[in-house]
Amino acid sequence: MRFDFGMRNSASRTLALRTKLLPGVCSLLLLLAGCEDHKQAAAPPAKPTVSVQVVALKGVNQSFEFVGHIMAINKVDIRARIEGFLDKVPFREGQDVKAGDLLYQIEKIQYQAQVDQAKANVASAEAKVTNAQLQYNRKLQLSKDSWAPQSDVDQYKANLDSDKATVLQARAALTRAEVNLGYTDVWSPIDGLIGRTVYTLGNLVNPASGVLVTIVSQDPMYVLFPISVRDLETIREVRRQDGGTLAKIEIRVRLSNGREYPQRGVWNLNDPQVDQRTDTLMMRAIIPNPDRQLIDGQFVTAVVRERKEEQRPVIPQAALQIDQSGYYALVVDDQHKVEERHIQIGPNRDTDVVVSSGLHEGEKVIVDGVQKVRPGQVVQDTILAAAVGNKR
């Protein structure tokens with residue numbers, strides 16, 4: 001019985017001790033929780049970090065771009081002008097040819113025979129004229145001496161004139177035969193690059209055979225592109241300078257891979273009429289092609305550009321944003337606040353974009369971290385150096 005009583009007293013003391021400690025523990029926990037809440041309330045939110053680049057001025061030409069194509073200045077489809085079998089095809093497909101180079105030779109035998117026959121006919125006709133002339137002279141003399149009637153003189157004169165006409169006919173036939181003989185040799189009329197031959201050695205060709213081969217001139221080439229009347233007036237306005245003179249322009253070509261062709265073109269023709277269906281007219285420039293990079297029929301981008309450069313603000317393409325209102329950029333001001341700035345842009349220059357309006361030199365545009373910020377927010381900005389490839 002004593003043992004049980006002692007156990008009850010020990011349990012009672014333990015319970016009493018826990019009861020006394022519980023309020024203190026709860027107070028301590030509340031105090032710690034209050035301190036943590038105080039720390040969290042006192043800590044300011046972290047500023048988002050962004051990378052910016054300073055708007056710089058660069059020398060930029062005012063330019064306009066149009067979809068165009070390359071066209072050879074000279075292009076000739078070679079055709080047969082007589083009928084015959086091909087005796088020679090001395091050229092190699094894809095080679096350069098010069099004006100006067102032999103391309104095809106058609107069998108000559110029958111055409112040489114026709115020339116020889118025509119020469120014989122001419123000789124025979126000329127002999128008849130000689131004989132008719134002698135007879136006419138004799139009759140004319142007899143008529144003067146009253147030994148021959150005038151009617152005989154007139155008849156011999158008619159015979160002489162008829163034989164002379166026969167000579168003219170024979171000479172015309174000889175000329176035709178010689179021309180046909182000349183057509184057996186098919187020469188290149190221009191300098192250029194020759195394509196694939198449709199007919200090879202031994203085949204029969206004639207005027208109905210169509211194109212035998214095509215020759216395309218290579219250097220220089222034409223650049224043709226359609227331009228709207230509105231764009232033409234804009235270009236003229238841009239070119240107009242003080243005093244009424246027009247600024248000089250150049251034609252550049254950008255290839256399908258985005259690379260700019262190194263040679264400059266010269267504007268040399270405007271179509272005199274506007275296509276009323278599209279309100280456009282065709283423009284043409286001539287451009288050197290010494291390395292044969294331009295190919296007849298190739299699609300390119302024709303760039304009409306001023307020769308003189310002007311200093312204009314440019315920004316990296318990474319800073320350019322777009323919404324329903326158009327293009328804009330996020331600018332960080334002197335108080336490190338973000339500002340949304342709507343801008344007008346011009347052509348691309350490498351990795352930069354020309355800004356026509358909305359930004360000025362020295363302003364800072366965000367190029368990295370745009371998704372983390374909003375207008376009016378204070379940010380921590382880091383200035384990036386301009387790319388080396390963009391320096392001029």
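Modeller: Let's start with a word we'll need: buried means under 20% relative accessible area, exposed means over 50%, and partly exposed is in between. Keep in mind that this is a predicted model.

Colleague: Fine. Is lysine 58 buried or exposed, then?

Modeller: Lysine 58 is buried, because its relative accessibility is 15%. You'll find it in strand 2, residues 56–60.

Colleague: Which side chain does lysine 58 make a polar contact with?

Modeller: That would be aspartate 352, at 2.6 Å.

Colleague: Now the sheets. How do I read one?

Modeller: The general idea is that strands of a sheet pair through backbone hydrogen bonds, either parallel or antiparallel. Here, take the open sheet of six strands: the order is 13-16-3-12-15-14, and the pairing is antiparallel. At the edges sit strand 13 (249–254) and strand 14 (266–270), each pairing on one side only. From one strand to the next, the twist averages 35°.

Colleague: How many bridges hold strand 3 and strand 16 together?

Modeller: Seven, in the antiparallel sense, between residues 63–72 of strand 3 and residues 299–306 of strand 16. To see one of them, click on histidine 69: its bridge partner in strand 16 is phenylalanine 299.

Colleague: And salt bridges? What should I look for?

Modeller: Look for a side-chain nitrogen of Lys or Arg within 4 Å of a carboxyl oxygen of Asp or Glu. By that rule there are 13 salt bridges in this model.

Colleague: Where do aspartate 161 and lysine 157 lie?

Modeller: Both are in helix 3 (residues 150–182), four residues apart, which is about one turn of the helix.

Colleague: Which residues are linked in a network of salt bridges?

Modeller: Glu250, Arg252, Glu260 and Arg264. Within it, arginine 252 and glutamate 250 have their closest N and O atoms 3.5 Å apart. Arginine 252 is buried at 10% relative accessibility, and glutamate 250 is buried at 5%.

Colleague: What about glutamate 363 and arginine 341?

Modeller: Their side chains meet in a salt bridge, 3.0 Å from N to O. Glutamate 363 is in the loop between strand 22 (352–357) and strand 23 (364–368), while arginine 341 is in strand 20 (residues 338–342), so the pair ties together parts that are 22 residues apart in sequence. Arginine 341 is buried, at 15% relative accessibility.

Definitions and conventions. Residues numbered from 1 in each chain as written. Predicted model: local features only at pLDDT ≥ 70, side-chain atom pairs only at ≥ 80, totals over all residues. Heavy atoms only, no water. Helix = DSSP H or I, 4+ residues; strand = E, 2+ residues; numbered from the N terminus. Buried < 20%, exposed > 50% of the residue type's maximum accessible area, 1.4 Å probe, protein only. Polar contact = N/O pair within 3.5 Å; in protein donor to acceptor, adjacent residues only side chain to side chain. Pairing = 2+ DSSP bridges. Axes fitted to C-alpha atoms, helices over the stretch in contact; angles between N-to-C directions.
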